[in-house]
Amino acid sequence: MFDIIGRRRWFYIFSLLVTVPGLIAILLTFLPGARLGLQFSVDYTGGTIWEVHFAQGTPATADVRDVLVEQGLPDSSVAISTAGERQYVLIRTEEIGLQEQAPPTPPPSASPSGSPVPSGSPDPSASPAASASPSPSASPGASASPEPSPSPGSIVPTEGELGALASALQERFGPIDEVRQESSVGPVISQEVITGAILLIVLGSLGILLWMTFRFGDFRMGAVAIAALIHDVIVVLGIFAILGTLFGLQIDALFVTAMLTVIGFSVHDTIVVFDRVRENRIRHAGEPFAAIVNHSLLQTLGRSVNTSLVVLITLASLLLFGGDAIRSFIFALLIGIVSGTYSSIFNASALLVDWHEWSERRRQQAFVQSRAGG
Amino acid sequence: MRRILPFLIVAVGLLALAFAVLPIDRPFSDPPRAMDTRLGLDLRGGLRGEYQVIATDDQPVTAEILATTRSIIEQRVNATGLSEPIVQTQGTNRISVEIPGVENVDQVRDLIGSTGRLDFVPVPADFSQSVTDGAPLPAGMDATPLFSGDEISVAQPAFSELGAPEVQFTLQENGARLFEDYTRANVGQRFAIVLDEVVVSAPVVETAIPGGQARISGNFTVEEMNNLVTVLKYGALPLEINEVGFSQVSATLGQSFLEQSLVAGAIGLALVCLFMLLHYRLPGAVAIVALIYYGIVMLALFRFIPVTLTLAGVAAAVLSIGMAVDANVLIFERTKEELRAGKTVSSAVEAGFNRAWTSIFDANVSSLITGAILYYFGSPIIKGFALVLILGVIVSMFTALTLSREILRWVVRQPWSRRAVFFGVREDEFTIAAPPLRGRSREAGARV
């Protein structure tokens, strides 16, 4: 019978080989100046993404970047994305989409009417018009000035900084005939996304810890499951930090969802193993704890591998055929589920055994001491 | 209970099938709406804006103000005739607007994002030429309004005798008096309708206007007419609002996301079924039936509740398919184990279900706990994910425990099913019960 628990040091070492470089790469994120470590998308940093198609052929990225620099946006990135036959220009800049529509001339200096709108007064539109008995024929007309007002019927923004950028780009490269996506995230939202993600992961872990402690009647099992879960979070984040540093792989809004899914799966796996441990402890009472855990692991191994395989099959097909938008999300899931399976088999149970043996030793020492003292 | 269960399963299945495929109206809905699968903006294209209501020193954002702001924005959006806009309050001071399938983003953003501080400003003769629509008032002009937008009681579209679009509005008492005085004294002059310091329209006064009823005519398109009516009618928001987030996905991009996810999901599912069949044989086939049943029930729930499917929701669906399969895998692995331990087929199946149940229960409840936390505290994207996950967990537990179990119980009673190869174990591991009845299966059992 294969002894997993006996070889647990090796499995710890393997985990450390992944998590330690990962952790270092994560910490690089906090290094000021250098753009290393985790690369966050605009959902977290705030910013604007704009993906457009030019009717008269796709310009070179360097030329687009020139225009961006001219517009006072030196910190931008430009990429070409392809969908079928069409090529799109994908522009990422600091957040410009949400700017107030800045009028070209300064607003009138005299604005003595700057008082805020009457606050408590009932909204006029809500009140049914009692005086309204419109008799159109009786009402004298006031004819409007004949200037044709510029009706913005185009799909391309014309106002604000994004509008200015749009017109500069169109001047140079010809008309934009499709806006594939536009996304602007202000600092309020991005801050919320970050705190929200952390809050959810912490609360979720806490909930799991409580549930497992309640069901297994053993705080250690819950705590060890959480440790395995943290391991998985670090593995996924670490690999993203490494690949982000090397290839610019980004963490986007869906990443949090991937992380939570991974956590769910990791705990699933761990619970299945622990459930068997719980059962075997009763059946094989008296055997050493390490042997019981090892036995339980081997018994559940088939299930753990097969379930992960099933999920990995679906994920792999999503990764291959599912399109760009969810690729980084699916990739996070793939890593996470492999890591989750690994950690529940090789780390969680092993840690449980270590913890168990440690408390056994302490109990024995206390026993010996009390004997010696008494 | 044993007797009713199969009927219950069939009934639920048929009901779900009907919900999933038939064009039925949604129950309890007024006006009646067909049940359909709702797609999120990322899968069908559209725009989403998020706005923050800005409190002033002496006016905090109350629940009432938030609700008023929401309804004004909703009215503004509805007035444009765009289909199925969703305007919701978020937290204590946010409003989100979702409009599917919009192309002309500028116009909508202007409409929503403008505070709607609406003023009627007299234009002195010397500025008469320099006032232009769509621009701020010319520098140096006195911007003191005659009155502001809350004096308007009614505004509606109208058509002139010649059929040209016009805008007709009625003023309240005070405004009517001011307007009458002004128009009487300034025939031939212009006045400006100013929204958020930008001139919307600057008509020329043709005659004195008594009684507060006026018309604005000019070279309007119908769209411009409707926009002006909207501005006049739903002009002022109680407090200023600020756009804090905005995203737009084109319909073609949404369409390609949807197609790609569907294709990828279908391929993935086919591979999963193949794997189950090859690895678990007969129970695998049962699991596939259970999986199809699960899929139909989920689809019916999506349409019934209704669940808005987004990319994150699709991910949750994939995950929950994984969980549905997992429940079956747990049971079958356990059944195999029990077979190898020398149990007969039917008692191995029973033991498989009973023993696997505790881990299925514990694992799924922990998923439900995280799902509930996500649903309660999460952002809209995460909420969508959590809802699909919760539904998936509950439905997968139900199918594993009812459908898989009933079918497998039935299958192992059939004589043809009792072959080691069907269960993926070796011949020598396979024990067949001396079944309580029926002589024919006894022969098969004699092999041991």
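1. Let me open with a term: two strands count as paired when DSSP finds at least two bridges between them. By that criterion β9(B) and β10(B) are an antiparallel pair, with three bridges. Please keep in mind that this is a predicted model, and that everything below is computed from it.

2. The sheet that holds this pair is in chain B. It is an open sheet of four strands, ordered β6-β5-β9-β10, and the pairing is antiparallel. At its edges are β6 (147–148) and β10 (198–201) of chain B, each of which pairs on one side only.

3. Leu118(B) has Leu195(B) of β9(B) as its bridge partner. Leu195(B) in turn stands opposite Val198(B) in β10(B).

4. Is β9(B) buried or exposed? Strand β9 (residues 190–195) of chain B is mostly covered, as six of its six residues are buried. Both faces are involved: Arg190(B), Ala192(B) and Val194(B) are buried on one side, while Phe191(B), Ile193(B) and Leu195(B) are buried on the other. I would point you to Arg190(B) in that list, which is buried along with Ala192(B) and Val194(B).

5. Now the nonpolar cores. The largest has 179 residues, and the members that touch the most others are Ala225(A), Val236(A) and Phe385(B). Helix α7 (residues 251–304) of chain B gives the most to this core, namely 20 residues. Apart from it lies another core, of 35 residues, and among its members are Leu118(B), Phe120(B), Ala155(B) and Phe191(B).

6. Which residues does Val236(A) touch? Leaving out residues up to four places away in sequence, Val236(A) touches Met259(A), Val262(A), Ala332(A), Ile335(A), Gly336(A) and Ser339(A).

7. Helix α9 (residues 327–373) of chain A has 47 residues and reaches 65 Å between its first and last C-alpha, close to the 69 Å expected at 1.5 Å a residue. There is a bend of about 45 degrees in α9(A), at Ser343(A). For helix α6 (residues 219–247) of chain A, 29 residues at 1.5 Å a residue should span 42 Å, and the end C-alpha atoms are 41 Å apart, which agrees. Helix α5 (residues 187–216) of chain A also agrees: its 30 residues should span 44 Å, and its end C-alpha atoms are 43 Å apart.

8. Just after α5(A), Gly217(A) takes a positive phi of about 60 degrees, and just after α6(A), Gly248(A) takes one of about 75 degrees. Within α5(A), the buried residues include Ile189(A), Val193(A), Ala197(A), Leu200(A) and Gly204(A).

9. One backbone angle deserves a second look. Most residues other than glycine have a negative phi. Arg281(B), however, has a positive phi near 55 degrees and is not a glycine. Arg281(B) lies in helix α7 of chain B. Arg281(B) counts as partly exposed because 18 other C-beta atoms lie within 10 Å. In helix α7 of chain B you will also find Leu278(B), which is exposed because 10 other C-beta atoms lie within 10 Å. The C-alpha atoms of Leu278(B) and Phe422(B) are separated by 10.0 Å, although the two residues are 144 apart along the chain.

10. Finally, the overall layout. Chain A is divided into domain 1 (5–38 + 187–369) and domain 2 (47–104 + 158–185), whose centres over C-alpha atoms are 41 Å apart. Chain B is divided into domain 1 (4–23 + 250–445), domain 2 (44–114) and domain 3 (118–233). In chain B, the centres of domain 1 and domain 3 are separated by 66 Å. Chain B has twelve helices and 13 strands, and 50% of its 448 residues are buried.

How values were computed: Residues numbered from 1 in each chain as written. Chains lettered and ligands numbered in written order. Predicted model: local features only at pLDDT ≥ 70, side-chain atom pairs only at ≥ 80, totals over all residues. Helix = DSSP H or I, 4+ residues; strand = E, 2+ residues; numbered from the N terminus. Expected span 1.5 Å × (residues − 1). Bend = angle between axes of the 7 residues up to and from the residue. Domains from an automatic or database assignment. Core = buried A, V, L, I, M, F, W, Y, C linked by C-beta atoms within 7 Å. Buried ≥ 20, exposed ≤ 12 C-beta atoms within 10 Å, placed from the backbone. Contact = placed C-beta atoms within 7 Å.
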